[in-house]
Structure formats: C-alpha cells, structure tokens
Amino acid sequence: MSRWRPPSPGSTAIITREGFERLKAELDHLWHVLRPEVVKALAAAAAEGDRSENAEYTYRKKQLGEIDRRARYLSKRIPSLKVAEGAPGDRSRVFFGARIELENVDTGEIHRYRIVGPDETDAKRGWISIDSPLARAVLKRRVDDEFTAELPGGPAEFAVLAVDYETD
C-alpha cells in the first residue's frame, strides 16, 4: 500500500476586514517584536559555549524556526486574500460574513455562528469557516429554510432562525 495521498484542497482566499488587519498585525509583531527578541536570546545562548548540551540554544533555534515558518506563511497568504467589504445586496440570505442562528431540528438546540474565512475561524466565538460543511450547506438559505448538513458525526437537519450582517 502506498503512502500517496491526494493534495488537500486549498482554502478559500476570502477574509473580513477585521481578520485581514489582525493577520497583518500578527506578521508585523512577528517581524518587529518577537523575532528580534528570540534572535538576541539565541545569540546569548550560543555564546555560552558547547551547543550540543545547551538546552536554551536548542529551544531558541526551534522557536526561531516556528516564528520564521509562520511569518513565511503569512507573507505568502496575505497578498492572496480578498477582503469582503460590506453586506451583500440580498441581506435576507446567508452569505459570507453573515451571523446566523440555527436550530437543530432533531434536538431543538439553538446555535449561533458567523461565517468567516478559514484564516479567522474561532470556535469559542462561534466563527466557522466558509469551507466548513455546515457553512457550505447553509449558504444562500433564508430564514425558516430547513436543510441537511453532512457533518463529521453524520447528517443533521437544521432550520435557519435568523440572518444578520451587523459587525462586532
């Protein structure tokens, strides 16, 4: 059996204005604050002598690699992103940036989500990626529409209770 796997599909290159500014601020923080601190600490650890038994040196090298990897990713990703400005023309339907309230028809549970780009998802805040199965299933639906979403735990029936495009 081979180890070949098909490449994973690329994530959608769309983002909200707030998410875009957050990514730019993260890149700026990595380059101008965090990286210089780690380089200085790495130089100090290297000056202590034998690097083969120097845990501080090993840790700082690894930390610098992680910072560089994230900075490289962000510097490639940010120019490819398209910022979605404003609400769509038909505010009664679910599109990117919508805040939605859904009811699980089977259990009666109410869920509140905001559909955002894959770079800004946040489960604690209820922000789901537009690439997620639930977001794909709810796109273009209106209030009182029912739909089935193929979730990792199996199919689930939902009803749209509210659609809103207000910002934080």
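The questions below take one label at a time.

Guide: This is a predicted model, in which local features need pLDDT of at least 70 and side-chain atom pairs count only at pLDDT 80 or more, while totals for chains, interfaces and linings use all residues. Residues are numbered from 1 along each chain as its sequence is written, and side-chain values use heavy atoms, with hydrogens and water left out.

Visitor: What makes up the secondary structure, and in which pattern?

Guide: Helices (H or I, at least four residues) and strands (E, at least two) are DSSP runs, numbered from the N terminus. By that rule the protein has 3 helices and 7 strands, and along the sequence they follow β-α-α-β-β-β-β-α-β-β.

Visitor: Why is the protein called more spread out than a compact globule?

Guide: The globule rule is 2.2 Å times the number of residues to the power 0.38, and the radius of gyration is taken over C-alpha atoms. For 168 residues the rule gives 15 Å; the radius of gyration is 22 Å, well over that, so the protein is more spread out than a compact globule. The C-alpha trace spans about 70 × 45 × 30 Å along the principal axes.

Visitor: What makes a set of residues a nonpolar core?

Guide: Such a core is a set of buried Ala, Val, Leu, Ile, Met, Phe, Trp, Tyr and Cys residues joined through side-chain atoms within 4.5 Å. Buried means under 20% relative accessible area, exposed over 50%, and partly exposed in between (1.4 Å probe, protein chains only). The largest core has 20 residues, and I100, L102, I115, V138 and F147 have the most contacts inside it. At least two of its residues come from each of β3 (99-104), α3 (133-138), β6 (146-151) and β7 (154-164). A second, separate core has 17 residues, including V38, A46, L74 and L81.

Visitor: Which residues does L102 contact, leaving aside neighbours within four places in sequence?

Guide: Contact means heavy atoms within 4.5 Å. Among the partners of L102 are I110, Y113, L134, V138, F147, F158 and L161.

Visitor: How do you know whether K140 and D144 are buried or exposed?

Guide: K140 has a relative accessible area of 53%, so K140 is exposed. D144, at 64% relative accessibility, also counts as exposed.
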